[in-house]
Amino acid sequence: MKVKPALIMIMVTLGMAVIGCESREGPAEQAGKQIDQAAEKAGDTIDETVEKAGEKIEETGDAIREKTSD
């Protein structure tokens, strides 16, 4: 059985494409991931702070209601 040169070229091209698609992160991609992580952490911190502030405001409102209802 003879293999046609066109088939060999297709196989070589596909092999090179698979090798070329190997996932290697460059410095820009690594920096982008670090920025994403920092933004996510900052967002989590803000959410926690807002939640705590809301609880304090609620407690203060309750205390004011207790003082003024007497």
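This is a predicted model: local features need pLDDT of at least 70, side-chain atom pairs count only at pLDDT 80 or more; totals for chains, interfaces and linings use all residues.
Reader: Which residue forms a salt bridge with Arg-65, and where do the two residues lie?

Author: Side chains of opposite charge can pair when their charged atoms come close. For Arg-65 and its partner, the closest N and O atoms are 2.7 Å apart. Both residues lie in helix 2, 3 residues apart, about one turn of the helix. The partner of Arg-65 is Asp-62.

Reader: Does Arg-65 count as buried or exposed?

Author: Buried means under 20% relative accessible area, exposed over 50%, and partly exposed in between (1.4 Å probe, protein chains only). The relative accessibility of Arg-65 is 53%, so Arg-65 counts as exposed.

Reader: How many residues of helix 2 are buried?

Author: Helices are DSSP runs (H or I, at least four residues), numbered from the N terminus. Helix 2 comprises residues 27-69. It lies largely in the open, because of its 43 residues the number buried is 1.

Reader: How far apart are the end C-alpha atoms of helix 2?

Author: The expected span of a helix is 1.5 Å times one less than its number of residues. For the 43 residues of helix 2 this gives 63 Å, and the separation of its end C-alpha atoms agrees, at 63 Å.

Reader: What is the accessible area of the nonpolar surface patch formed by Ile-8, Val-12 and Met-16 together?

Author: Patches are made of residues with over 30% relative accessible area and no salt bridge; nonpolar side chains (Val, Leu, Ile, Met, Phe, Trp, Tyr) are joined within 5 Å, like charges within 9 Å. Met-16 lies in helix 1 (residues 5-20) and counts as exposed at 58% relative accessibility. By the Shrake-Rupley method with a 1.4 Å probe, the three residues together have about 290 Å².

How values were computed: Residues are numbered from 1 along each chain as its sequence is written. Side-chain values use heavy atoms; hydrogens and water are left out. A salt bridge is a side-chain nitrogen of Lys or Arg within 4 Å of a carboxyl oxygen of Asp or Glu.
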